Amino acid sequence: MLRIVSFSYLGLPEWGIITADGAHILRAAELEEALFIPLPATVAELVANGPEGLVILQSALTQKEENEALALTPLALDEVTWDVPLLPIRNLFCVSQNYAAHVSEFSGQDSPLPSAPVYFTKATTTVLPHLAPLPRHADVTKALDYEGELAVIIGQTTQQVDSAQALDHVFGYTIACDITARDLQSERGQWFLGKSLDGSCPLGPAILVGTPDEPFHLTTKVNGELRQAATTDEMLFSVAQLIADLSQGVTLLPGDIILTGTPAGVGKGFTPPRYLQAGDTVEVTIDGIGTLKNTVQ
């Protein structure tokens, strides 16, 4: 399976593929130049091209492997500046209360589980790249919290799809950290402001293209301390169910991003709450995708 990244190199935006050793990036621009195969200029264009775009990309990678004389120079990961792998085309779709243990820690042990998915959105200005400083927003919140999540990227226009076909509409998966101002979330009665502070959705570092055979395993650490650990088979509503449910009345577009909910272990769930402070480092890891790391400034 491919891991696709967006980055800047020598001040110019590019995209590429993480190599099998996990330590380098094969630049799409270099691959295109070496093989004379036209590739999209951005990941957004690659997603917009649908399945045909991935077929062309896979063909280029196959030709590279078959051509031993082809001299390419992958970049080391520390040579690039990370960008968000894919900028959302509209507000991020988010799912609340999708892990039973998180419902309990957030709303109480006897709280009923939702009978259908619960949605909210985050503004597009929330997205933040891997390794970028995470804004503290101390002037507006005293309760900045973290929520590690699996994010799903839609790969084609999706309307009224059923669960059995829903995963065919997925381009790939990445990691999100749904940073939340808990005080604003509770005070305002509507979540948009508390969820949409600038830079409050780190996203990346890579997009895993395709559908994995096994559930994803997710962990979140704060300053190296394990806070969250779960697998996606613990979700109350699976990725396929979420896509099917949303698509019944909302047309999902290529490049739409769905955050699938967070497991137990958020800062609010501790007694007393353990909210983020300046200097704290948050790392969300999902096996097969990588680790998304940001430090509160």
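Colleague: Which residues does S96 touch, not counting residues up to four places away in sequence?

Modeller: In this predicted model, S96 touches V118, F120 and W191.

Colleague: Where is S96 placed, and is S96 buried or exposed?

Modeller: S96 lies in strand β6. Its relative accessibility is 9%, and buried means under 20%, so S96 counts as buried.

Colleague: What about S6, buried or exposed?

Modeller: S6 counts as buried, at 9% relative accessibility. This residue is found in strand β1, residues 3–9.

Colleague: And what is S6 in contact with, leaving aside neighbours within four places in sequence?

Modeller: The contacts of S6, with those neighbours left aside, are E14, W15, V43, W82, D83, V84 and P85.

Colleague: Change of topic. What does the domain assignment give?

Modeller: Domain 1 covers 2–76 and domain 2 covers 86–296, according to the domain assignment of the chain. Their centres, taken over C-alpha atoms, are separated by 28 Å.

Colleague: How many residues are in contact between domain 1 and domain 2, and what area is buried there?

Modeller: On the domain 1 side 12 residues make contact, with 14 residues of domain 2. About 990 Å² is buried between the two domains, and carbon and sulfur atoms give 70% of that area.

Colleague: Which residues in domain 1 lose the most area to domain 2?

Modeller: R3, I4 and V47 do. Together they account for 49% of what the domain 1 side buries.

Colleague: On to the cores. How many residues has the largest nonpolar core?

Modeller: The largest nonpolar core has 39 residues. Y173, I243, I258, L276 and I289 have the most contacts inside this core. At least two of its residues come from each of β6 (92–96), β10 (148–154), β11 (170–177), β14, α8 (239–247) and β17 (281–286).

Colleague: Which element gives the most?

Modeller: Helix α8 gives the most to this core, with five residues. Apart from this core lies another of 33 residues, including F120, I153, F171 and I257.

Colleague: Why is α8 described as largely enclosed?

Modeller: Because seven of the nine residues of α8 are buried, the helix is largely enclosed by the rest of the structure. The buried ones are V239, A240, L242, I243, A244, L246 and S247.

Colleague: What covers the buried residues of α8?

Modeller: The cover includes β6, β7 (118–122), β10, α5 (163–166), β11 and β16 (257–259).

Colleague: Now sheets. In what order do the four strands of the open sheet run?

Modeller: The order is β15-β14-β17-β18, with antiparallel pairing. β15 (225–231) and β18 (290–295) are the edge strands, each pairing on one side only. From one strand to the next the twist averages 10°.

Colleague: How many bridges join β14 to β15?

Modeller: Six bridges join β14, residues 217–222, to β15. H217 has T231 as its bridge partner in β15.

Colleague: And how do β17 and β18 pair?

Modeller: They pair in the antiparallel sense, over six bridges. The bridge partner of T285 in β18 is T291.

Colleague: Which residue takes a positive phi in the hairpin of β17 and β18?

Modeller: G288 does, with phi near 95°. The hairpin has three residues between the strands.

Key. Residues are numbered from 1 along each chain as its sequence is written. This is a predicted model: local features need pLDDT of at least 70, side-chain atom pairs count only at pLDDT 80 or more; totals for chains, interfaces and linings use all residues. Side-chain values use heavy atoms; hydrogens and water are left out. Two strands pair if DSSP finds at least two bridges between them. Axes are lines fitted to C-alpha atoms, for helices over the stretch in contact, and angles run from 0 to 180 degrees between N-to-C directions. A nonpolar core is a set of buried Ala, Val, Leu, Ile, Met, Phe, Trp, Tyr and Cys residues joined through side-chain atoms within 4.5 Å. Buried means under 20% relative accessible area, exposed over 50%, partly exposed in between (1.4 Å probe, protein chains only). Domain bounds come from an automatic or database domain assignment. Contact means heavy atoms within 4.5 Å. Buried area is the accessible area (1.4 Å probe) that two parts lose on being put together, summed over both.
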